[in-house]
Amino acid sequence: MDDKKILFDGITKEILECKKCPLHKTRHKPVPGEGSLDAEIMFVGEGPGRNEDLTGRPFVGAAGKFLDELLASIGLKRKDVFIGNVVKCRPPNNRVPLLSEIEACKPYLYAQIAIIQPKVICTLGNTPLNTLIAPNLTIGRVHGRVFKKDGFTFIPLYHPAAALYHNALKGTLKEDFKKLKEYIENLKEKNL
Ligand code: URA
Ligand code: SF4
């Protein structure tokens, strides 16, 4: 087993036993995140919804199906990327996680990022944008742009669930995925 997997499995074990915030009381299963530990692209959502809470897997509901389609549109499968969330336990009724819950859970996400070392981190919606990039930005203004922070590269994207409510955002997300693909191809041409 390589070093990355040992470290990652250690974090996962901590998450599965975690009681650092009140969300542990209402969760069924924590959702640590899954995918390739060598992923070039990491996607970060807000937190588990109902289906995720029941299965322990990220993005398995309707939003996840659309995320799979978006990945396929740029020639990728789930196993090629890593998919995680800001908080690992479901907030009741899918409410936005509280700042105190995000603060409690954030070290797990940072540890996952440090292990995986993705070339690009795509935040999905406002919660990961405000947590990882800057608290004052809104996704409507910054989606598809490239941000650099703490040695990492970020491309904020709309949350796929938003496109299920607002059909017009489907095209926006597809275009932003094309930009993501071009960004990655460009890095490869430059051997970065
Ligand atoms: N929405 C999220 O933000 N994360 C999931 O895992 C599923 C839906
Ligand atoms: Fe722990 Fe995060 Fe779950 Fe809170 S949301 S109990 S901090 S794993």
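Predicted model: local features only at pLDDT ≥ 70, side-chain atom pairs only at ≥ 80, totals over all residues.
Residues are numbered from 1 along each chain as its sequence is written, chains are lettered from A and ligands numbered from 1 in the order in which they are written, and side-chain values use heavy atoms, with hydrogens and water left out.

Ligand 1 is surrounded by Gly-45, Glu-46, Gly-47, Glu-52, Pro-58, Phe-59, Asn-85 and His-159, where a residue is near a molecule if one of its heavy atoms lies within 4 Å of it. By class, this shell has 2 nonpolar, 4 polar and 2 charged residues; Ala, Val, Leu, Ile, Met, Phe, Trp, Tyr, Cys and Pro count as nonpolar, Asp, Glu, Lys and Arg as charged, and the others, Gly among them, as polar. An oxygen atom of ligand 1 lies 2.8 Å from a polar backbone atom of Glu-46, and a nitrogen atom of the ligand is 3.0 Å from a polar backbone atom of Gly-47. The side chain of Asn-85 also takes part, with an N or O atom 2.8 Å from a nitrogen atom of ligand 1. Of the 240 Å² of accessible area that ligand 1 has on its own, the protein covers 91% (Shrake-Rupley method, 1.4 Å probe).

Ligand 1 sits in the largest pocket, in the sense that more than half of its atoms lie within 2 Å of the grid points of that pocket. On a 1 Å grid over the protein atoms alone, a pocket is an open set of points with protein on both sides within 12 Å along at least five of seven lines, a cavity is a set of points where a 1.4 Å probe fits but cannot get out, and lining residues have an atom within 4 Å of a point. The largest pocket holds about 610 Å³ of space, a volume being the space filled by probe spheres set on the points, which are joined across faces, edges and corners. Its lining comprises 27 residues, of which Gly-49, Ala-63, Asn-94, His-159 and Ala-161 are the closest to its centre. At least two lining residues are supplied by each of α2 (50-55), α3 (62-73) and α7 (160-165), and the largest share, 4 residues, comes from α7; helices are DSSP runs (H or I, at least four residues) numbered from the N terminus. The lining divides into 12 nonpolar, 11 polar and 4 charged residues.

The second largest pocket contains about 150 Å³ of space. Among its lining residues are Glu-40, Ile-41, Asp-80, Lys-181 and Lys-188, and helix α8 (residues 168-189) gives the most to this lining, with 4 residues. By class, the lining has 5 nonpolar, 1 polar and 5 charged residues.

A search of the whole structure finds 1 cavity of 30 Å³ or more. The largest cavity has a volume of about 90 Å³, and ligand 2 sits in it. Cys-18, Lys-20, Cys-21, Cys-89 and Cys-105 lie nearest the centre of this cavity, which is lined by 13 residues, and helix α4 (residues 99-116) provides the largest share of that lining, 3 residues. The residues around ligand 2 include Leu-23, His-24, Arg-27, Lys-88, Ala-104 and Tyr-108, and its shell has 7 nonpolar, 1 polar and 3 charged residues.

Notes
Polar contact = N/O pair within 3.5 Å; in protein donor to acceptor, adjacent residues only side chain to side chain.
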